[in-house]
Amino acid sequence: MTDPIADYLTRLRNAIKASHRIVEMPASNMKKELTKVLFDKGYIQNYKFVEEGPQGTIKIALKYNPQTKENAIVNLSRISKPGLRKYVNKDSLPRVINGLGIAILSTSRGVMTDKEARVEGVGGEVLCYVY
C-alpha cells in the first residue's frame, strides 16, 4: 500500500456512504492519531484500538444524527499526497469552510488541527480536510 492515510479516509468515506455503524481497519500510529483528532472534534462517536496480531486494528463507531440519519462527516478529502506533498508555515495555515471544518496537520509537535497549530505557532504537512 503506497498511501495508508488515503486508505484510512477511503474506508471511512465508504462506510459513511453505506450507512455502517462501525468501520474496522488496520492500525498504525498515524491512523491512531487521526482517529483521536476526529473523536476530539466530534466527528466520530467512539473508537477502540485492538492489539491483535502484529499490526492491530482500529474500530471506529460513526456518528449519525438520530432524526435525519445524516453523518457528522459530510466530506473527507486528502490534500497532501505521496506524489505531491503540501506543506504550510504558521502564517499560511488553511481555513476549511471559513472555520466550520478542520484541516488536520502533521507537525513537529504531533498531529493536530489547523486551529491548534495557530495557537501553537507551528506549520506542517496538511494531511486532509474534514467537514
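Is Ile97 buried, partly exposed or exposed? In this predicted model, Ile97 is partly exposed, with a relative accessible area of 41%. The value falls in the class between the 20% and 50% cut-offs. Ile97 lies in the loop that runs between strand S5 (87-88) and strand S6 (102-107).

Asn98 is exposed, at a relative accessible area of 67%. That class applies because the cut-off for exposed is over 50%.

Aromatic contacts were examined next. A pair of aromatic rings is described by the distance of the centres and the angle of the planes. Two aromatic pairs are counted. Phe39 and Tyr47 form an edge-to-face pair. Their centres are 5.2 Å apart, with 75 degrees between the planes. Tyr47 also pairs with Phe49. Here the centres are 5.1 Å apart and the planes stand at 45 degrees, so the pair is tilted. Phe39, Tyr47 and Phe49 form one aromatic cluster.

Phe39 is partly exposed, with a relative accessible area of 32%. Tyr47 counts as partly exposed at 25%. Phe49 likewise counts as partly exposed, at 25%.

The charged end of Lys32 sits over the ring of Phe49, 5.4 Å from the ring centre.

Methods. Residues are numbered from 1 along each chain as its sequence is written. This is a predicted model: local features need pLDDT of at least 70, side-chain atom pairs count only at pLDDT 80 or more; totals for chains, interfaces and linings use all residues. Side-chain values use heavy atoms; hydrogens and water are left out. Helices (H or I, at least four residues) and strands (E, at least two) are DSSP runs, numbered from the N terminus. Buried means under 20% relative accessible area, exposed over 50%, partly exposed in between (1.4 Å probe, protein chains only). Rings of Phe, Tyr and Trp (its six-membered ring) pair if their centres lie within 6.5 Å; planes under 30 degrees apart count as stacked, over 60 as edge-to-face and the rest as tilted. A charge sits over a ring if NZ of Lys or CZ of Arg is within 6 Å of the ring centre and within 35 degrees of the ring normal.
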